[in-house]
Amino acid sequence: MTDGATDHSDAMSILECFDVALATVPDKDFLRFREGRATYREFDATYRRLAARLAGVGIAAGDIVPACFPNSEAAVATWFAVTHLGAVWTSMNVEFRGAQLADALNLTRSDTLIVDASFLEPVLDVLPSLRRVRRLLVYGTGNLPAVNGVEVLSVEALPEDAAPARAAVQRGDVTMIVFTSGSTGMSKAVQLSHGYLIGQAVGVAAVFGGREDDVYYCPYPLYHWDATVGTVVIALVTRGTAALAPRFSVTRFWEDVHAFGATVFDFMGATLTFVHNQPERADDADNPVRLAWGVPMPPFKAEFERRFGLKLLEGYGSTEGGISVFQQLGKAYPPGSCGEVAPGFRLRILDDDGHEAAAGEVGEIVTRPDDRTQMMTGYLRMPDVNAELLRGGWYHSGDLGRLDEAGNLYFVGRKKDVIRRRGENISALEIERALEAHPAVLEAAAYGIDSAFTEEEVAVAVVLRTGATLTAAELRAYCAGRMARYMVPEHVRFLPSLPRTATGKVAKAELKDVHGGAAAPL
């Protein structure tokens, strides 16, 4: 790595990496938010005080600790405090509602939840459905609700004794759980190790020459890889600064960049399209950013780089498999290629029979890191799925791609029944189950259609029960309170029946053909 970056090859956890930064740049900003900032020294005191409070209520090594927070210093401090105790930090998707949230929390089998006051209401709504929760720790409120059978405590009011000694851990121990939607069912809990967090951050930062003077800006939530590993941990291993906005806002994007002094940002979904579509200004290139990286790369890459005076890099990977492909800074790649295999990874393209495909042929992308910790440990409580996806040490992504003769990867599409919208992987089945709970709906099919902003929009075809009436607006309003916002369908079609294949499966290709690509909501 370059400049201020450190190898960290012997570090057992992100806290050991933090110790290095604390010893070398204690008074430098570690975190920046719109509402304030914290130096490495200040943050060290904050997370240690919180670790003492959490230890006092019994959180210990090996516990899974779900946390429901918006982007904030309190969220990152909770993450580090839980890590200090040797427990497993589980950043819940704050968009989850109803059964989706209850299912995810029940999967953890945790008896203690930590909740920011801003997220308290949806948690209270599902609390009667949570089978094991006995303690609710609330951050940021003096008005604590009374809940039968559950102890509700203010985090700020917890006794603060001396923080216990840091728990001993191994690089392969699970330290974080991230929820990601699967292709054939409900959201899955991806288990990530200490080694994964460190290794992935070091590897990505090395690609674009992460520096001690870099400020990494991310407008995505902390339940995302991009904000945790891709921003906070990258800042940590380079002794840089992580700047987190509460959400992506195209109207505030450059304002945030200037206010934070951002030199690097990551993008996903339609971020670059939204930014590019803003009216041009004479001072567009007058910004501190030197580089942005992410997926997917838009066709207007060269124009974006010229207009804003920065470099764009693309890669390929996933939370489960890690970032296994990346473009190298200063190297030209063929149009459509997302780069070459990253150092420390191997990649193969397999045909339907499991044989390696020839150059140029499309098949499933499978990857394998030299260091086993550089992919997920596995989905929580899903041994059969893990055995299928991690066969022989290779991660079978379910994604389709091809390699050219030079070893450049081209992403083609997905084998999975997944819709990719605004940087989120959405399970079509999860949407369908929610729709079919509506009393007027007999059956439903969810699928993605091309979006004018890159990636996909959510479309659904719905068959109503005999005699029932329902409008698209009514159905979307019903969805809004029962699923994450990014899952609510933009396009709704009512059909007398769903088209099916010879084997009885819904013919989603036929449904997609009706739209012919991006279209106005129906």
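Colleague: In which sense do strand 4 and strand 8 pair?

Modeller: Parallel, over 3 bridges. Strand 4 covers residues 88–91 and strand 8 covers residues 174–180. Keep in mind that this is a predicted model.

Colleague: What stands opposite S91 in strand 8?

Modeller: V178 does.

Colleague: What is the strand order of the open sheet of 8 strands?

Modeller: The order is 7-6-5-3-4-8-9-19. The pairing in that sheet is mixed.

Colleague: Which strands stand at the edges there?

Modeller: Strand 7 (151–154) and strand 19 (378–379). Each has a single partner strand, so one side of each has no neighbour in the sheet.

Colleague: Remind me, how do strands in a sheet hold on to each other?

Modeller: They pair through backbone hydrogen bonds, in either the parallel or the antiparallel sense.

Colleague: Switching topic. What about the open sheet of 3 strands, which order does that have?

Modeller: That one runs 24-25-26, again with mixed pairing. Strand 24 (441–450) and strand 26 (491–494) are its edge strands, each pairing on one side only. On average, neighbouring strands are turned by 20° against each other, ignoring direction.

Colleague: How many bridges link strand 24 and strand 25?

Modeller: There are 9 bridges, in the antiparallel sense. Strand 25 spans residues 456–464.

Colleague: Which strands does helix 12 lie across?

Modeller: Strand 24 and strand 25. Helix 12 is residues 428–435, and runs at about 145° to strand 24.

Colleague: And helix 13, which strands does that touch?

Modeller: Helix 13 (residues 472–480) packs on the sheet and touches strand 24, strand 25 and strand 26. Its direction makes about 125° with that of strand 26.

Colleague: Now helices against helices. At what angle do helix 1 and helix 7 pack?

Modeller: About 45°, with their axes 8 Å apart. Helix 1 is residues 14–24 and helix 7 is residues 228–238. That angle makes helix 1 oblique to helix 7.

Colleague: Is the crossing left-handed or right-handed?

Modeller: Helix 1 passes helix 7 in a left-handed crossing.

Colleague: Which residues make the contact?

Modeller: From helix 1, I14, C17, F18 and A21. From helix 7, V233, L236 and V237.

Key:
Residues numbered from 1 in each chain as written. Predicted model: local features only at pLDDT ≥ 70, side-chain atom pairs only at ≥ 80, totals over all residues. Heavy atoms only, no water. Pairing = 2+ DSSP bridges. Helix = DSSP H or I, 4+ residues; strand = E, 2+ residues; numbered from the N terminus. Axes fitted to C-alpha atoms, helices over the stretch in contact; angles between N-to-C directions. Contact = heavy atoms within 4.5 Å. Parallel < 35°, antiparallel > 145°, perpendicular 65-115°, else oblique. Left-handed = near helix turned anticlockwise from the far one by under 90°.
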